[in-house]
Number of protein chains: 4
Amino acid sequence: MLSVDLNCDMGEGFGAWKMGSDAELMKYASSVNIACGYHAGDATTIRRTVETAIEKGVAIGAHPGYPDLEGFGRRPMSLSPQEVFDIVLYQVSALKGICEATGGELHHVKPHGALYNQSAKDKILAIEIARAIKRIDGNLILYGLSGSCLISAAKELGLKSVSEVFADRAYEPDGSLTPRSEPHALIKDHEKAFSQVLQMVTTSTVTTANGDKVPVNADTVCIHGDGDHAVELAKTIRDGLVGNHIQIRPYYM
Amino acid sequence: MLSVDLNCDMGEGFGAWKMGSDAELMKYASSVNIACGYHAGDATTIRRTVETAIEKGVAIGAHPGYPDLEGFGRRPMSLSPQEVFDIVLYQVSALKGICEATGGELHHVKPHGALYNQSAKDKILAIEIARAIKRIDGNLILYGLSGSCLISAAKELGLKSVSEVFADRAYEPDGSLTPRSEPHALIKDHEKAFSQVLQMVTTSTVTTANGDKVPVNADTVCIHGDGDHAVELAKTIRDGLVGNHIQIRPYYM
Amino acid sequence: MLSVDLNCDMGEGFGAWKMGSDAELMKYASSVNIACGYHAGDATTIRRTVETAIEKGVAIGAHPGYPDLEGFGRRPMSLSPQEVFDIVLYQVSALKGICEATGGELHHVKPHGALYNQSAKDKILAIEIARAIKRIDGNLILYGLSGSCLISAAKELGLKSVSEVFADRAYEPDGSLTPRSEPHALIKDHEKAFSQVLQMVTTSTVTTANGDKVPVNADTVCIHGDGDHAVELAKTIRDGLVGNHIQIRPYYM
Amino acid sequence: MLSVDLNCDMGEGFGAWKMGSDAELMKYASSVNIACGYHAGDATTIRRTVETAIEKGVAIGAHPGYPDLEGFGRRPMSLSPQEVFDIVLYQVSALKGICEATGGELHHVKPHGALYNQSAKDKILAIEIARAIKRIDGNLILYGLSGSCLISAAKELGLKSVSEVFADRAYEPDGSLTPRSEPHALIKDHEKAFSQVLQMVTTSTVTTANGDKVPVNADTVCIHGDGDHAVELAKTIRDGLVGNHIQIRPYYM
């Protein structure tokens with residue numbers, strides 16, 4: 001039986017500020033990526049989110065980002081490779097400890113925002129991220145964009161990796177995501193988004209704007225946690241996959 | 001043979017800003033308390049300080065503080081008991097992970113600044129701190145002011161504790177520290193400070209301003225890391241203790 | 001004709017995080033208090049909020065708070081009087097400059113959260129706040145709780161002040177607010193809240209839980225910006241006051 | 001009589017952390033650039049530095065930077081043009097208000113670190129910075145690297161500008177600074193640094209590594225505030241210039 005993971009970012013509030021519909025989305029996700037305090041997530045929000053994730057039985061990941069609360073970790077930064085190693089080491093360590101103290105277990109690491117995007121294309125950053133993870137625990141799984149430097153860095157260092165695809169983003173002929181600045185970058189129709197997911201999961205291909213089919217590895221599908229229709233899209237994707245006899249579960253479990 | 005621990009705060013720089021003479025003081029301390037990022041210490045500074053501590057063979061402690069970089073964790077704050085639990089859980093988790101990833105081991109936890117002072121007198125805060133530590137690792141040792149709520153909280157929860165005394169601070173008849181606002185609060189003469197240490201270590205008493213001798217447990221002596229004469233005082237104390245055939249080593253080792 | 005000011009906190013988002021229904025509430029308020037970056041409000045959010053306030057023609061106030069994003073400025077802190085002076089000077093200066101650069105004018109200052117509450121009862125803090133405001137511009141108006149130290153500090157320094165009352169909070173016999181920890185602290189019924197406002201505005205009294213009438217100065221009524229029913233309550237109060245021929249406008253205008 | 005300005009960054013401590021020898025360097029500088037809280041400088045440090053600058057009679061500038069305390073504003077960031085406008089508007093407003101409340105006057109604005117470097121080459125950023133300054137006060141003077149986009153942006157918007165040169169940095173044939181990554185980027189010999197300054201001030205040229213003379217405008221010379229020999233180099237430059245009958249004073253005064 002075919003299976004796929006649905007992952008979702010969580011715990012991205014900060015103090016009095018809320019973000020996303022964590023409890024609602026946790027019904028549809030099989031794995032969650034929890035903010036670690038650098039781009040979002042204070043100590044209380046993180047601990048609570050970990051507790052909820054354990055209760056719901058989803059796989060827990062650390063979601064380390066750049067030290068940029070004001071920019072929510074979405075602004076590209078220029079950290080040295082050593083600094084990237086250090087901020088990943090710090091954040092993943094914090095989340096792993098909180099998980100274990102709460103009775104859970106850390107399953108994976110997915111870099112956030114600009115750190116994710118920059119390390120998808122920058123081999124040196126990707127290696128530093130993988131190195132930091134391996135130093136903490138060689139059994140942790142690295143989530144990265146399908147075909148990106150993160151996936152190859154994980155392989156190079158002997159870490160397990162999970163290739164991520166996106167339901168609501170168009171793809172380029174080289175397998176990369178169409179930049180958000182392009183007019184057709186976002187797939188707003190939920191049925192089209194689901195069709196893309198189904199094709200990716202069942203055929204390991206995605207169809208680009210010009211009609212080409214390019215290969216992707218759809219180990220996990222990213223479910224966005226923000227946006228007005230996040231919960232509805234998550235439900236559409238999960239129900240559609242289940243209706244097509246595809247099991248929803250974390251890739252390595 | 002008598003022994004005592006000399007502990008010192010470390011890793012309290014932040015980014016481009018430096019604090020203290022870590023490398024120099026590491027020669028005299030047998031255990032160090034490393035800032036965890038809330039009152040001081042960025043990811044790179046912390047990792048480097050951990051590496052140096054491992055290299056020097058000193059016992060490594062986490063030094064969690066209030067989330068107040070601007071106030072260096074020295075300003076009393078009003079966090080809820082749950083928030084105190086959460087910030088200790090987060091910070092100690094981060095430091096423990098960095099230690100282990102770097103080839104070391106976390107030995108103890110010593111709260112910093114206002115968190116240390118408030119939990120010395122507030123039983124509820126002290127219990128939350130001890131609870132967070134125990135949830136991470138029941139073998140971690142809690143450093144707290146001799147006779148304080150931190151020590152009794154550790155006992156209540158079955159954690160090992162280490163009672164701390166101060167070389168350069170005067171004591172009150174009830175065994176508490178003379179507040180810094182008082183004229184004779186600080187012992188500036190290095191020989192007097194050493195004499196107080198020697199008395200505390202060898203007799204488990206300290207002499208107050210009015211001549212009374214009150215009991216203290218001198219498991220560890222705090223060596224301040226800042227101040228113009230920090231290194232000199234550390235050397236005076238260490239050399240004096242060694243000259244009196246007292247061994248310098250972490251209390252539980 | 002009787003008049004009263006309705007004031008509301010605004011601009012309390014931070015980066016990607018939103019807070020409150022600023023645009024909606026701006027329809028009902030006659031003056032707004034804009035976060036200055038310490039407890040909430042980044043540079044972009046502040047500038048945008050100032051622009052909207054100018055467009056809507058409401059009086060603009062600075063809303064300085066403690067440097068505590070994580071606690072949203074609601075946690076009591078222990079700053080020195082000089083530090084309180086300095087953080088008010090910095091924040092009000094920033095907001096005044098942004099106002100003037102955007103074509104507006106700064107009308108008043110209302111301290112936020114724990115700074116407001118602590119300075120209501122602490123004469124020294126209240127004086128520091130008033131001193132900082134006066135040093136910036138002696139024509140700025142200080143908003144403070146009716147009967148509080150902020151109002152007397154403003155008088156002592158020759159600043160204009162505006163006494164604030166609350167629609168949805170019960171009052172104690174001494175004219176202070178019933179602490180939120182008490183069961184009847186919050187008035188959840190909108191009609192009751194409006195009745196309290198009407199009585200305060202028309203008779204300068206408020207009725208306490210035990211039936212006593214105590215004096216208050218209702219120069220301005222605080223409209224809370226958060227909470228599920230904030231907009232609805234604001235509308236009820238404004239419409240009710242207008243229906244009773246009371247003009248809604250800033251006190252000094 | 002020839003004259004030149006010597007400018008120095010100041011107020012770059014943060015809370016308990018110190019940076020630079022402000023009081024000492026203030027003897028040699030004729031203008032100072034004071035941190036505004038984003039890359040360094042808390043409210044108390046800023047107010048104190050402004051007071052000292054007023055006392056010493058040096059021209060006061062705002063020194064706005066990126067919101068990156070951990071990176072001291074030295075790490076390139078990717079803010080939108082509007083965000084750059086907003087962070088400059090906020091920071092310069094704060095400093096101007098503090099200056100005026102303290103009895104002084106804001107004279108100029110010099111962007112800090114990565115903001116300075118990026119806007120030297122990026123016309124859009126430079127225009128945003130100049131636009132924010134002009135909106136605050138059209139009489140403020142913009143300090144920027146000689147020949148950079150900041151200087152041309154100031155001209156385009158009708159702002160006065162001051163062209164900056166460096167004593168201890170080598171120059172490239174196109175008039176730009178030799179990147180710090182190059183072996184000969186830094187001029188460590190104080191006499192050589194002074195000679196370069198003297199040539200720049202008296203002939204408006206600088207000699208590159210290959211012996212070419214290229215034009216520069218030396219309205220102001222940057223005196224670095226950090227580094228072991230900062231004070232000594234400042235003294236060498238000031239004494240040398242005075243000995244050559246060149247007056248030290250702010251360019252527009």
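Visitor: Is B:Lys235 buried, exposed or partly exposed, and at what relative accessibility?

Guide: In this predicted model, B:Lys235 counts as partly exposed, because its relative accessibility is 39%.

Visitor: Which side chain does B:Lys235 meet in a salt bridge?

Guide: The side chain of B:Lys235 meets that of B:Asp239 in a salt bridge, with an N to O distance of 2.6 Å, and B:Asp239 is itself partly exposed, with a relative accessible area of 39%.

Visitor: Where do B:Asp239 and B:Lys235 lie?

Guide: Both are in helix α8 of chain B, which covers residues 230-243, and they are four residues apart there, about one turn of the helix.

Visitor: And in chain C, what do C:Lys235 and C:Asp239 do?

Guide: Their side chains meet in a salt bridge of 2.6 Å, N to O; C:Lys235 and C:Asp239 are separated by about one helical turn because they sit four residues apart in helix α8 (residues 230-243) of chain C. C:Lys235 is partly exposed at a relative accessible area of 39%, and C:Asp239 is partly exposed with a value of 39%.

Visitor: How about C:Arg47, what is its salt-bridge partner?

Guide: C:Arg47 pairs with C:Glu51 in a salt bridge of 3.1 Å, N to O, and both residues belong to helix α2 (residues 43-56) of chain C, four residues apart. C:Arg47 counts as buried at 7% relative accessibility, whereas C:Glu51 is partly exposed with a relative accessible area of 32%.

Visitor: How many salt bridges are there over all chains?

Guide: The count comes to 44 salt bridges over all chains.

Visitor: Changing topic, where is D:Asp168, and is it buried or exposed?

Guide: D:Asp168 is placed in the loop between β6 (160-166) and α7 (190-203) of chain D. D:Asp168 is buried yet has no salt bridge, and the nearest side chain of opposite charge, that of D:Arg169, is 6.0 Å away.

Visitor: Which side chain joins D:Asp168 in a polar contact?

Guide: The side chain of D:His224 does, at 3.2 Å. Leaving aside residues up to four places away in sequence, D:Asp168 also touches other residues, including D:Ala185, D:Leu186, D:Ile187 and D:Leu233.

Visitor: What about cysteines, how many disulfides does the structure hold?

Guide: The structure holds zero disulfides over all chains. For B:Cys8, the nearest cysteine sulfur belongs to B:Cys222 and is 7.1 Å away, while for D:Cys36 the nearest is that of D:Cys99, 9.5 Å away.

Visitor: Are B:Cys8 and D:Cys36 buried or exposed?

Guide: B:Cys8 counts as buried at 0% relative accessibility, and D:Cys36 counts as buried at 1%.

Conventions
Residues are numbered from 1 along each chain as its sequence is written. Chains are lettered from A and ligands numbered from 1 in the order in which they are written. This is a predicted model: local features need pLDDT of at least 70, side-chain atom pairs count only at pLDDT 80 or more; totals for chains, interfaces and linings use all residues. Side-chain values use heavy atoms; hydrogens and water are left out. Helices (H or I, at least four residues) and strands (E, at least two) are DSSP runs, numbered from the N terminus. Buried means under 20% relative accessible area, exposed over 50%, partly exposed in between (1.4 Å probe, protein chains only). Lys and Arg count as positive and Asp and Glu as negative; His and the chain ends are not counted. A salt bridge is a side-chain nitrogen of Lys or Arg within 4 Å of a carboxyl oxygen of Asp or Glu. A polar contact is a pair of N or O atoms within 3.5 Å; within protein, one must be able to donate a hydrogen and the other to accept it, and residues adjacent in sequence count only if both atoms are side-chain atoms. Contact means heavy atoms within 4.5 Å. A disulfide is a pair of cysteine sulfur atoms within 2.5 Å.
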